[in-house]
Amino acid sequence: MNDTLDFKLLKAHARQDKSTLVDLYTKAADAAPTDDARYFFMTHAYIFALDTNHSTAGSLFKKLKSAGREA
Amino acid sequence: MSTPTDLSNVRQSVDKAHGLPNAHYIDPKVFDEEKDALLFSQWSGLAVAADVPEVGDAVPFDFLGMPLLLVRDRDTKVRVYQNICRHRGMILVDEPRKIEGAIRCPYHSWCYGLDGRLVSTPHVGGPGQNVHASIDKNKLSLIEVRSHVWRDVVWINVSGNAPDFEDAMCEVIDRWTEFDQPLFHGGDDSKFTLTVDTNWKLAVENYCESYHLPWVHPGLNSYSRLEDHYHIEKPGHHSGQGTLVYRQLRDDNGNTFEDFAGLSDKWDTSAEYIAAYPNVLLGVHRDHAFAIILVPHGPERTSEHVHLYYATDNSDASLREKNSVQWKEVFTEDVGVVEGMQRGRHAIGFDGGHFSPVMDSPTHCFHDWCAGNIDAARAAKQAAE
C-alpha cells in the first residue's frame, strides 16, 4: 500500500466513512503484492460493504469465495 | 435465597389474605427470584413495535440487566435478539440507529444479517482467511428471544418455554376482540416516560383498582364516580377496572378523535384498563388506546413507558397533544402513592397489608398470580436439587 492510500484510509476511518473505506480497501487489495495481503484487504472491503449494504458486497463475496477465503 | 418468604397468607381469599411481604418490594434477592419467576418465564412487555418503524431500525434495551436488541428485519418483522456477538460476547449496538446492511460487531467485525444469520467472520482462520472448520456459521446466529407483537406491544418470553402467546394471553385477547384492528401510534407527541422510585408491582397494583380514584384523581369525581366503575378479574391472567361513563376528549370546536371501527354500543361510554400480567398496562376507549410498559430497574425503581394510539394515522395533532397532557397528568398523580407505598415497605412491622374485600380484589388477583408463580418456581427448583 502506498503512503497516499494509507493516509486516505486513516482519514476515512477517522470520519467513519464506510463507503469510502470499501473503495480504498478494494484499491489496497488490487495493489497488494501477495495473495494473503490481497485477501486481507479484500476482506476489509467486503466487511464494510456488508455494513453499508454497498453494491459491491455481492461481487466481493464471490471473489473471496472463489479463492476459498469465504463461505 | 436461604429463607424463602412465606406466601401462604397471600394466596388466601381476599377477605383473609395479606399482601406480598415487604421483601418482595425491597430485597434484591427476592427481586432476582421474581425476575425469573414473574418476568423472564412469562410474556413480558419490552417495547412497542413503533420504536422500530422502518426496516433496519435497531434499538438496544437493557431489560432486567439483559442486553437485548429490537430490530425490524427486511421482511418488516419485528425481532428481538440478545444484543451480543457470538464471538466474544461484545455488545453489538449501543444506541438506537439504522442498520443499513449488516449488524457488524465493533470488536472483530463479525457480521450478522437482520434475520440474525452470521454472515461473515473476517480473518477467523488467519489474515484474509474468513472461514475455519471449527466455526460453523449456521450454528452461530444471533440468539433470538421469543417475541410476539400484540396491540403494538413487543412481548418477550426470555425463558422460551411459556405457552404460545395466544394461549397465554387468550383471556384478554378474547375480551377485547372488538379492538383487534389497526392501531396507529400518535408519534413523538404521544409517548412519554415516567421514572418512579417504586417496585414495578406497585405500579401494577395501583393500576388494577378503582378504589383510589376519588382520592388520588379528584378531577374524575365530577363525572366518573367510584360507583361508575367495575372490576375486571381473570385469576391467573389479568385484572383491572372499567368505567361506564367514559367521555370523549373534544377540542374547542367540539371535534373528537375518530372511533375504532365497528364497536358495539357498550363502548359508547365504556372504557377498560387491564394489567396484562406481568408488566403491561393497557387501556381501551372508543377513540384511543394506550399501552404502558413497566421496566424494572432494581427492586425500588421502575420506568413507565407510555404510548398512545388512535384509530387512524391522521388524527389531529393538537387534540393528540391535549390527550397526552391529560394522561400524563393522571399518571403523574399516581406517582406519589406508588412511591409512598414503596417507602412503606421498609416498615419492619408491615405484614403485607389487608385488602378491602369489595374494592381491592383486582389487586389481590395480581398478588395471587405472583405468589402462585413464585411458589411454582420454588417447587421446580427444589425438585431439581
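Modeller: What follows is a chat about confidence, a sheet, the chain contact and a pocket.

Biologist: How far is chain B trusted, and what are the overall scores?
Modeller: This is a predicted model, in which local features need pLDDT of at least 70 and side-chain atom pairs count only at pLDDT 80 or more, while totals for chains, interfaces and linings use all residues; side-chain values use heavy atoms, with hydrogens and water left out. Residues are numbered from 1 along each chain as its sequence is written, and chains are lettered from A and ligands numbered from 1 in the order in which they are written. Chain B averages a pLDDT (the predictor's confidence in each residue, from 0 to 100) of 96, with 98% of its residues scoring at least 70, and the model scores ipTM 0.94 and pTM 0.95.

Biologist: What order do the strands of the open sheet in chain B take?
Modeller: The order is S1-S10-S9-S4-S3-S2-S5, seven strands with antiparallel pairing. Strands here are DSSP runs (E, at least two residues) and helices are runs of H or I with at least four residues, numbered from the N terminus, and two strands pair if DSSP finds at least two bridges between them.

Biologist: Which strands stand at the edges?
Modeller: Strand S1 (44-48) and S5 of chain B do, and each has a single partner strand, so one side of each is left without a neighbour in the sheet.

Biologist: Switching topic, how much area do chain A and chain B bury between them?
Modeller: About 1400 Å², 51% of it on carbon and sulfur atoms, where buried area is the accessible area (1.4 Å probe) that two parts lose on being put together, summed over both. In chain A, Ile47(A), Asp51(A) and Arg69(A) lose the most area to chain B, together 35% of what that side buries.

Biologist: How many residues line the largest pocket, and which lie nearest its centre?
Modeller: The lining has 34 residues, and His217(B), Leu220(B), Tyr273(B), Trp327(B) and Val330(B) lie nearest the centre. A pocket is an open set of points on a 1 Å grid over the protein atoms alone, where a 1.4 Å probe fits, with protein on both sides within 12 Å along at least five of seven lines, and lining residues have an atom within 4 Å of a point.

Biologist: Which helix gives the largest share of that lining?
Modeller: H7(B) does, with ten residues.
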